[in-house]
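Notebook open. I want to look up the charged contacts first, then the pocket.

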Amino acid sequence: MIHTVPNPKMTTREVDKFREDFRKCVSGKLTLKERRAIKIRTQRMSVVAKRIIANNGGKNPILGY
């Protein structure tokens, strides 16, 4: 199981970048290039998830079912 880090170490620059990206995403002010990058990344994640599930007999090893 993948463990999350509740309080990851981040610089102030990383925090500011995260907040800026989050604001852009929530407000819908993403550029066409950013939308394409998100779409490609989402598709890649979906393909990888399907491959993992197929390799484990139709079960998700992360969720356990």
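I started with Lys24 and Glu34, which form a salt bridge with their closest N and O atoms 2.7 Å apart. This pair links distant parts of the chain, with Lys24 in helix α1 and Glu34 in helix α2 (residues 32–55), 10 residues apart. I noted that the model is predicted.

Next I checked accessibility for the pair. Lys24 is partly exposed at 22% relative accessibility. Glu34 is partly exposed too, at 25%. I kept in mind that buried means under 20%.

How many salt bridges does the structure hold? I found two. The other entry joins the side chains of Lys17 and Asp21, at 3.1 Å from N to O. Lys17 and Asp21 both sit in helix α1 (residues 12–27), and because they are four residues apart, about one helical turn separates them. Lys17 has a relative accessible area of 46%, so I logged it as partly exposed. Asp21 comes out at 32%, also partly exposed.

Then I turned to the largest pocket. I read its volume as about 170 Å³. Which residues line it? I listed Asp21, Lys24, Cys25, Leu30, Glu34, Ala37, Ile38 and Arg41. Both Lys24 and Glu34 are on that list, and these two form the salt bridge I began with.

I sorted the lining by element. Helices α1 and α2 each supply at least two residues. The largest share, four residues, comes from α2. By class, I counted four nonpolar, no polar and four charged residues.

Note on methods:
Residues are numbered from 1 along each chain as its sequence is written. This is a predicted model: local features need pLDDT of at least 70, side-chain atom pairs count only at pLDDT 80 or more; totals for chains, interfaces and linings use all residues. Side-chain values use heavy atoms; hydrogens and water are left out. A salt bridge is a side-chain nitrogen of Lys or Arg within 4 Å of a carboxyl oxygen of Asp or Glu. Buried means under 20% relative accessible area, exposed over 50%, partly exposed in between (1.4 Å probe, protein chains only). On a 1 Å grid over the protein atoms alone, a cavity is a set of points where a 1.4 Å probe fits but cannot get out, and a pocket is an open set with protein on both sides within 12 Å along at least five of seven lines; lining residues have an atom within 4 Å of a point. Grid points are joined across faces, edges and corners, and a volume is the space filled by probe spheres set on the points. Ala, Val, Leu, Ile, Met, Phe, Trp, Tyr, Cys and Pro count as nonpolar, Asp, Glu, Lys and Arg as charged, and the others, Gly among them, as polar.
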